Amino acid sequence: MAGHGSNNEAIQPGGTAAGALPLWLRPLPLALLVAALAVLRLLVAAKAGLAEDEAYYRLWGLHPAAGYYDHPPMVAWFAFLGQSLFGDTALGLRFLSVLSAAIGSAAIWRTGLLLYGAREAGYAVLFLNASLLIGAGSLLATPDAASVLFWGLALWALAELTASENPWWWLAVGLFAGLGLNAKYSVLFLGAGIVLHLVFVPQARRWWGAWQLWAGGLLAIALVLPVIGWNAAHDWASFGKQFGRAVPEGWSTRYLPEFVGAVVGLANPLVAVLAGIGLVRIARAALRGEPAGGLLLWTSLPFVVYLLAHSLHSRVQGNWPAPLFPVIALAAALIAARPPAWPGARVWQRFSAVAIALGLAVSLIVYVHAVVPLTGALARKDPTHQIRGWAEIGAELQRLAAEQEAAWIATDAYGLNAQLAWQLDRAMPVEQVDQRIRYAMRPDPDPERVARPALFVAQERRDPGTERLSARFAEVEQIAVLTRRSDGTPVERLVVYRVAEPHAGTPFDPVYPLP
């Protein structure tokens with residue numbers, strides 16, 4: 001039921017039949033492009049080093065649980081399934097994250113087809129993959145991959161519901177919303193948006209009396225109960241960490257331009273221009289009561305409002321708006337498919353083509369740079385610096401451990417701990433001595449092993465120093481400073497200590513936290 005309920009008059013001129021479409025907007029070429037991008041991303045994912053957070057999530061995948069300190073567990077389940085297929089490798093860690101971009105492309109195509117037409121659906125797929133967040137970000141194993149996927153699938157299910165008026169689609173909505181809540185807590189805003197959709201879209205109000213709506217809601221709740229149970233068993237640690245960020249400590253516009261700039265940059269600046277105009281069109285349609293515009297506007301609005309409010313008291317990380325990118329792609333597609341009269345259809349078509357080409361080209365450059373660095377001259381200003389130089393650091397630490405007769409590696413930062421574990425934990429244990437709640441999913445370290453001498457490794461900019469380490473260990477001696485490099489350029493220095501005889505038999509918090 002293509003074009004159901006919204007802007008039907010705008011859809012008629014181009015039609016929705018495949019024969020009326022340009023070649024690049026037809027389903028088969030789009031499917032081939034998405035498949036080719038997926039294969040290319042998998043090849044890059046298998047070869048590129050791990051970012052800090054990815055290395056951290058690798059540990060989660062090796063120890064799947066119902067919850068974790070930083071996030072709900074979906075990223076760990078994705079990692080666990082990939083590691084089950086491809087082993088403890090970069091490809092295993094990233095496999096489902098890369099695959100989710102392909103599945104999400106199929107979902108946004110179907111959503112666009114149902115709500116508007118084939119032309120909009122095709123452009124939406126292209127714009128989604130031309131965004132930097134999906135084009136480049138889909139290489140990484142992060143919670144955002146799953147949150148974008150399940151938010152997009154929930155939109156698809158709502159589009160099927162709108163087009164078919166079959167109430168059984170509410171069960172699919174509940175399924176995807178519940179799975180999304182297992183990816184990131186921000187998917188709660190999707191639930192709030194669905195309520196607004198039911199209130200403000202006249203066609204949707206009928207569903208309040210459908211038992212399937214309430215069953216879908218109960219299904220979503222049931223799927224998130226294990227996460228609630230984990231939090232209850234761990235002093236509400238994850239809820240406290242994430243929801244604590246929402247509490248303002250004063251107001252300022254300082255972070256607002258940064259937030260807007262991040263969204264524009266990650267969406268692809270040219271796609272963002274189209275999306276901005278398209279969002280105006282969507283809002284107008286929603287205010288007229290049209291189902292398609294209402295679906296996209298009301299389900300997105302609570303999260304948008306929250307992010308704007310958050311940016312007025314603290315920084316919004318660039319990846320936080322990720323679940324909104326399917327709607328951003330659809331909004332851009334409306335303008336590309338049915339351009340405004342001014343300054344002319346050809347101008348908008350060329351602009352759209354350049355936007356797609358730019359996004360795909362930049363993604364390709366990122367893929368090459370991730371595997372074979374084009375330059376290391378940017379040092380820490382290069383976002384890929386996190387993935388560089390760890391093999392050399394691991395080899396040098398193994399040499400020092402043998403020389404110093406150290407039985408394990410100690411750290412005090414989760415990102416550093418994860419990177420060293422990626423390099424060394426097949427040879428010796430790597431443990432962060434503080435913030436032990438981060439490792440609640442793992443068995444406790446072997447007491448006999450951690451009673452033996454260790455190498456304590458710290459980033460120079462966060463070096464605790466001999467005096468502070470003495471609060472944990474009776475013997476502390478600095479033995480080396482190692483330099484991690486990106487294509488020959490130094491990016492950070494790591495200070496290495498030999499430590500031994502932990503006080504009271506254990507170096508771990510909460511008994512002896514660092515002052």
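Which residues touch the most other members of the largest nonpolar core? In this predicted model, the core comprises 93 residues, and the members with the most contacts to other members are Tyr-123, Phe-127, Phe-150 and Trp-170. Helix α8, spanning residues 143-164, supplies the largest share of this core, with 13 residues. A further core of 38 residues lies apart from it and includes Trp-60, Ala-76, Leu-93 and Ile-393.

The surroundings of Phe-150 were examined beyond its sequence neighbours. When residues within four places in sequence are set aside, Phe-150 is in contact with Met-74, Phe-78, Phe-176, Leu-179 and Gly-180.

Helix α8 also packs against helix α15, which covers residues 291-311. The angle between α8 and α15 is about 150 degrees, and their axes are 10 Å apart. Because angles over 145 degrees count as roughly antiparallel, α8 and α15 are assigned to that class. Their crossing is right-handed. On the α8 side, the contact is formed by Trp-151, Leu-155, Leu-158, Ala-159 and Thr-162, which meet Pro-291, Leu-295, Thr-299 and Phe-303 of α15. By class, the residues of this contact comprise 7 nonpolar and 2 polar, with no charged residue.

In α3, the residues Tyr-57, Arg-58, Trp-60, Gly-61 and Leu-62 meet Val-75, Ala-76, Ala-79, Phe-80 and Gln-83 in α4. The contact of α3 with α4 contains 7 nonpolar, 2 polar and 1 charged residues.

Two serine residues were considered individually. Ser-363 is located in helix α17, which runs over residues 345-371. With a relative accessibility of 2%, Ser-363 is classed as buried, because the threshold for this class is under 20%. Leaving out residues up to four places away in sequence, Ser-363 touches Asn-129, Gly-135 and Ala-136. Ser-164, by contrast, is situated in helix α8. Its relative accessibility is 39%, and Ser-164 therefore counts as partly exposed. Between Ser-164 and Ala-233, the separation is 69 residues in sequence and 43 Å in space, taken from C-alpha to C-alpha.

How values were computed:
Residues numbered from 1 in each chain as written. Predicted model: local features only at pLDDT ≥ 70, side-chain atom pairs only at ≥ 80, totals over all residues. Heavy atoms only, no water. Core = buried A, V, L, I, M, F, W, Y, C linked by side-chain atoms within 4.5 Å. Buried < 20%, exposed > 50% of the residue type's maximum accessible area, 1.4 Å probe, protein only. Helix = DSSP H or I, 4+ residues; strand = E, 2+ residues; numbered from the N terminus. Contact = heavy atoms within 4.5 Å. Axes fitted to C-alpha atoms, helices over the stretch in contact; angles between N-to-C directions. Parallel < 35°, antiparallel > 145°, perpendicular 65-115°, else oblique. Left-handed = near helix turned anticlockwise from the far one by under 90°. Nonpolar A, V, L, I, M, F, W, Y, C, P; charged D, E, K, R; others polar.
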